[in-house]
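Please open the structure in your viewer and keep the selection panel at hand. The stops below are meant to be taken in order.

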Amino acid sequence: MAVEVKMPQLGLTMEEGTVSKWFKQEGDAVKVGDVLLEITTDKLTSEVTAEAEGVLIQIVAQEGEDIPVKGVLAYIGDSDEKIDKKADSPIQSPTPPPQKPMGETTVAVIGGGPGGYVAAIRAAQLGAKVTLIEKNKLGGTCLNVGCIPTKAILHAAESLTQVQEMEEYGIHVEGTHVDWNKVQKKKTAITEQLVSGVTGLMKANKIQVMEGTASFVSKDTLEIVKNDGTKENATFDKIIIATGSVPAIPPIPGVKENENCVDSTGALSFDTVPQSMIVIGGGVIGMELATAYAKFGTKVTLLEAMPKLLPLMDGELTVQLRKMMEAKGIQILTEAKVQSVEPAAVGAKVNVAFDGRAVAFEAEKVLVAVGRRTDTQALNLDAVGIENDRGRISVNDKMETSVENVYAIGDCLGKVMLAHVASVQGEVAAENALGHNAVYHGETNPSCVYTDPEFAGVGFTEEKAKESGIAYEVGKFPLIANGKSLIMNGGIGSIKFIIGKEYKEVLGVHILGPRATDLIGECALAIGMEATVEDIIATIHAHPTVTEAIREAALATEKKAIHIPNK
Ligand code: FAD
Ligand code: AMP
């Protein structure tokens, strides 16, 4: 039985490689470990060795050919074996389906969040006639009740802390107080400016915006119930679903009835800064809003049912972050499952199962931040056969649903609920809808948490590296040894690299420290470019910056860090 020699995958994002040179010829005897050929990618050159003993009975991929990862390069077998090359070759040139002339292709985008409005713009750039249907406000969750308003409130909170902490730099500020109405006004002004920017972009790209709720009548026809009460049916060549998500309200007894229990949207628009707040859920939203309100003086208690906060972030750095938040006065309980909520004079009483006993906490407000659910109920997905798992739409890496010409992107997939992911998926869907061959790759997706200090990660966490069985190495650098960090936040935080043991490729980077959410961009690029740790080390990082610590953490993987002792 012939054994296939395949194109190896040398990095997380490698899709294909070029056969640069064959060292063995058809008919040559080969032993396990013999170098058969050399391949190149945009980033590296590597040798492919034989994994079986025998005769190189057939070379399928010739020098100069580009072969996809896992594509067959040759066969090793007995000298008398024959292979039908055509039948076994995995290399097929895809023939794109015939497309309508560009200006005639009609595209509907349902939902105007960062997924939908970006998809609409990309489709218009490619020449389609685009209609975007939005039931509420352009900008979706992100601009109106998500990323932007939370960061505006966090910025106000951070500025307050900075003023308070200026004393140690010899700057005395007297009479600081928070005008909460003004905080709210500024937050709203920023949101409105961005939403109006999106409105302008729709006009500039000649995208028709319909204000209403869309649902499927058939695979290519939507019913649009307009906000003015009228109805319209419209047929499109391509439909992109981008309906996003809404807060999930868990079936905890007493939550729905208590007006002091709010979701993230409610917590962005309190009338006054609450004296005390219980946060249910230690995910990104819970941790960010806990950080913001604690800085404004709210007594915050955070309750998380699982043993770990921030389930998807690197565990070791999450533990460090927890300690830092606790040091700032936030009370955090993990393995604390909220059982029920009752009315209380102060606002609400939250009953919790913790450490085998029943405990209770009281506060003026309770933020319920236990996750989000997809907003797909109104779409009529099942009636037209769009495959979904309890409202979470299934797609492939081209963002195609189970129904031809219907695509889905962003939060409505119920997977990675992040604005930048929705936007990139929007570009991929629009391009594929208009005859291109785009693929979504999640490897370079950074996860950012706007706590104090900020926390950001890209690629494999150490837990994920362990789970995948890959041989890896770790390099760490504490920010106390970085001058700029010491100036900015007293040197609190650290940077951690995870690299492949054999090829030294960057598998993951995790940063806990000032401006981590900006710094992670370099690391995402490294993963996208299949960079090795040597590429990071070979890049000169400016002084004094926190980026120097990225290079130091890279050096630490080789026990060559300069500003810490290497163990
Ligand atoms: P959405 O933004 O939810 O937009 C969907 C749109 O579709 C909505 O406007 C909705 O009204 C509309 N719609 C729904 N159904 C229909 C229908 N049938 N017909 C017509 N219109 C419809 N992500 C980050 O990357 N960084 C952050 O810092 C961040 N912070 C966040 C903070 C909070 C408090 C929250 C709640 C979320 C945050 N997110 C953040 C997540 C981010 O907001 C979402 O991932 C992102 O908005 C998803 O984009 P989307 O386009 O898929 O959906
Ligand atoms: P995310 O899905 O990232 O927004 O995180 C929500 C968090 O809420 C998860 O970490 C859940 O474990 C947590 N959670 C869900 N239900 C409860 C509950 N009843 N009590 C405490 N935490 C909860």
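The tour goes to a ligand site and then to a sheet.

This is a predicted model, in which local features need pLDDT of at least 70 and side-chain atom pairs count only at pLDDT 80 or more, while totals for chains, interfaces and linings use all residues. Residues are numbered from 1 along each chain as its sequence is written, chains are lettered from A and ligands numbered from 1 in the order in which they are written, and side-chain values use heavy atoms, with hydrogens and water left out.

**Ligand 2**

Select ligand 2 and the 15 residues around it (near: a heavy atom within 4 Å). Gly281, Glu304, Ala305, Met306 and Val338 come nearest.

Next, show the polar contacts (pairs of N or O atoms within 3.5 Å). Glu304 has a polar side-chain atom 2.6 Å from an oxygen atom of ligand 2. A backbone N or O atom of Ala305 is 3.1 Å from a nitrogen atom of the ligand, and Val338 likewise places a backbone N or O atom 3.1 Å from a ligand nitrogen. The protein buries 77% of the 510 Å² that ligand 2 exposes when taken alone (Shrake-Rupley method, 1.4 Å probe).

Now select strand 20, residues 336-344 (strands are DSSP runs of E, at least two residues). This strand gives the shell its largest share, three residues.

Move to the four strands that form an open, antiparallel sheet in the order 1-8-6-3 (pairing needs at least two DSSP bridges). Strand 3 pairs with strand 6 (residues 54-59) over two bridges. To finish, select Val30, which stands opposite Gly54 in strand 6.

How values were computed
Polar contact = N/O pair within 3.5 Å; in protein donor to acceptor, adjacent residues only side chain to side chain.
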